[in-house]
Amino acid sequence: MGKYLTLERPGQSAILTINNPPANLWTVDSLNELAHTMAELDADRSYRSVVITGAGEAFFSAGADLKQFLTGDKTAALQVLDAFAAAFGAIRRYRGVTVAAINGYALGGGLEGALACDYIVAERGAQLGLPEAKVGLLPGGGGTKLLADKVGIARAKRMILGGEIIVAEKAYEIGLVEELVDPGFAKIVAVSPANKVVNQAPNAVAEARRLIEESSQLSLSEHLQRERAALVSLIGEPEQMEGVAAFMGKRTPKWAEES
Ligand SMILES: C/C=C/C(=O)SCCNC(=O)CCNC(=O)[C@H](O)C(C)(C)COP(=O)(O)OP(=O)(O)OC[C@H]1O[C@@H](n2cnc3c(N)ncnc32)[C@H](O)[C@@H]1OP(=O)(O)O
């Protein structure tokens with residue numbers, strides 16, 4: 001149990017709940033705790049997936065605590081940005097699958113934390129946006145790229161430049177969230193797509209995830225080379241042999257410890 005995050009461990013998915021009243025805000029300390037917890041979960045081979053959600057009904061997270069920007073101190077601002085980079089980088093580097101379960105408001109750095117995850121499940125009526133420009137800031141946790149990657153440049157501009165906050169139903173329609181659920185169900189449903197990964201081959205999942213993450217930075221020919229090398233690295237390994245043998249033998253595969 002941390003100071004800003006609580007960790008539940010039902011089965012092979014860990015549930016990480018942001019618990020920093022009044023609005024589950026990100027500060028240097030809460031972000032450092034997130035980075036540290038994700039690194040610990042990454043090293044703990046008993047988990048294959050992590051669900052991130054917000055405590056209470058009203059807020060997933062309203063983003064960075066704006067008090068941190070009151071003095072206009074650039075050094076202090078850089079500390080916040082470094083903490084965002086470390087925490088959200090730790091989510092992106094996690095070897096398993098990460099799912100954001102959005103309840104209530106997911107704004108600014110709150111939505112950026114969700115965008116660092118592999119999928120987003122959101123409750124009907126939840127509100128999502130990157131409204132930093134309203135207070136003279138701009139998204140500092142990867143939002144100007146990650147939102148555009150998901151919803152397209154024009155829609156991301158409309159949201160970021162206009163400070164547009166959209167409801168989960170609209171976010172689902174435009175591909176910002178992958179699953180829409182009734183209020184109170186995000187966490188429960190998020191565990192379910194997360195749990196699918198538990199049945200998949202661990203090293204194959206980790207490699208496929210890495211390839212998808214890297215894909216936008218590479219040309220198709222470079223990417224195909226990496227994909228080929230990754231697939232060949234799996235061939236003949238115990239995991240791959242077990243997967244195909246189990247299919248041919250009409251039985252459920254038994255995965256060994258991940259390498
Ligand atoms: C690099 C930068 C990254 C960033 O993330 S910048 C921050 C981006 N986020 C925002 O701009 C959201 C700011 N918050 C809001 O606009 C509103 O809140 C909401 C629309 C989310 C909710 O409004 P309502 O339901 O009326 O609640 P309430 O009374 O405004 O909020 C409850 C308490 O939470 C505090 N709070 C909310 N968001 C922040 C924040 N981002 N930084 C600091 N405090 C925040 C409020 O002030 C208040 O506190 P009190 O009860 O003491 O008056």
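Visitor: What is the strand order of the open sheet of six strands?
Guide: The order is β1-β2-β3-β5-β7-β10, with mixed pairing. Strands here are DSSP runs (E, at least two residues), numbered from the N terminus. The model is predicted, so local features need pLDDT of at least 70, side-chain atom pairs count only at pLDDT 80 or more, and totals for chains, interfaces and linings use all residues. Residues are numbered from 1 along each chain as its sequence is written, and side-chain values use heavy atoms, without hydrogens and water.

Visitor: Why do β1 and β10 stand at the edges?
Guide: β1 (5–8) and β10 (179–181) each have a single partner strand, so one side of each lacks a neighbour in the sheet. From one strand to the next, the twist averages 20°.

Visitor: What makes β2 and β3 a pair?
Guide: Pairing requires at least two bridges found by DSSP. β2 (residues 13–18) and β3 (residues 49–54) have six, in the parallel sense. T17 stands opposite T53 in β3.

Visitor: Why is α1 called roughly parallel to α2?
Guide: Helix α1 (residues 28–43) and helix α2 (residues 74–93) pack at about 20°, with axes 8 Å apart. Angles under 35 degrees count as roughly parallel, so α1 is roughly parallel to α2.

Visitor: Which residues of α1 meet α2?
Guide: V28, L31, N32, L34, A35, M38 and D42 do. Their partners in α2 include F84, F88 and R93. Contact means heavy atoms within 4.5 Å.

Visitor: How do the residues of this contact divide?
Guide: The contact of α1 with α2 has 13 nonpolar, two polar and two charged residues. Asp, Glu, Lys and Arg count as charged, so D42 and R93 belong there.

Note on methods
Helices (H or I, at least four residues) and strands (E, at least two) are DSSP runs, numbered from the N terminus. Axes are lines fitted to C-alpha atoms, for helices over the stretch in contact, and angles run from 0 to 180 degrees between N-to-C directions. Angles under 35 degrees count as roughly parallel, over 145 as roughly antiparallel, 65 to 115 as roughly perpendicular and the rest as oblique.
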